[in-house]
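Open your viewer and keep the selection tool at hand.

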Amino acid sequence: MEQEQTEFITFCTEMYAKKHEQSASMVAELFCKTGVFDFLFENYTELHSQGKEFLIPLIESFIKEHEPK
């Protein structure tokens, strides 16, 4: 299952980068800093079947809650 999780996390990273017009490396840095990668990995089972219409707002909300002040 680890490969599927990696593909899902890559998908989320690319979708977020495209929506926010950022490079994947910038998004990866943000996802590391805010714990998004861990969140996506830990919740893969529940999230992997969701579409971008659900995932992007979820990720944005997660970042808002976990961004260093």
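Select every aromatic side chain: a search of the whole structure finds four aromatic pairs, where rings of Phe, Tyr and Trp (its six-membered ring) pair if their centres lie within 6.5 Å, with planes under 30 degrees apart counted as stacked, over 60 as edge-to-face and the rest as tilted. This is a predicted model, in which local features need pLDDT of at least 70, side-chain atom pairs count only at pLDDT 80 or more, and totals for chains, interfaces and linings use all residues. Residues are numbered from 1 along each chain as its sequence is written, and side-chain values use heavy atoms, leaving out hydrogens and water.

Zoom in on tyrosine 16 and phenylalanine 31. Their ring centres are 5.3 Å apart and their planes at 65 degrees, so this pair is edge-to-face. Tyrosine 16 belongs to helix α1 and phenylalanine 31 to helix α2, so the pair ties together parts 15 residues apart in sequence. (Helices, H or I of at least four residues, are DSSP runs numbered from the N terminus.) Both tyrosine 16 and phenylalanine 31 are buried, meaning under 20% relative accessible area, while exposed means over 50%.

Phenylalanine 39 is buried at 18% relative accessible area, and phenylalanine 62 is buried at 14%.

Finally, select α5. Here Leu55, Ile56, Ile59, Phe62 and Ile63 are buried. On the other side of α5, Glu53, Lys64 and Glu65 are exposed.

Notes. Buried < 20%, exposed > 50% of the residue type's maximum accessible area, 1.4 Å probe, protein only. Helix = DSSP H or I, 4+ residues; strand = E, 2+ residues; numbered from the N terminus.
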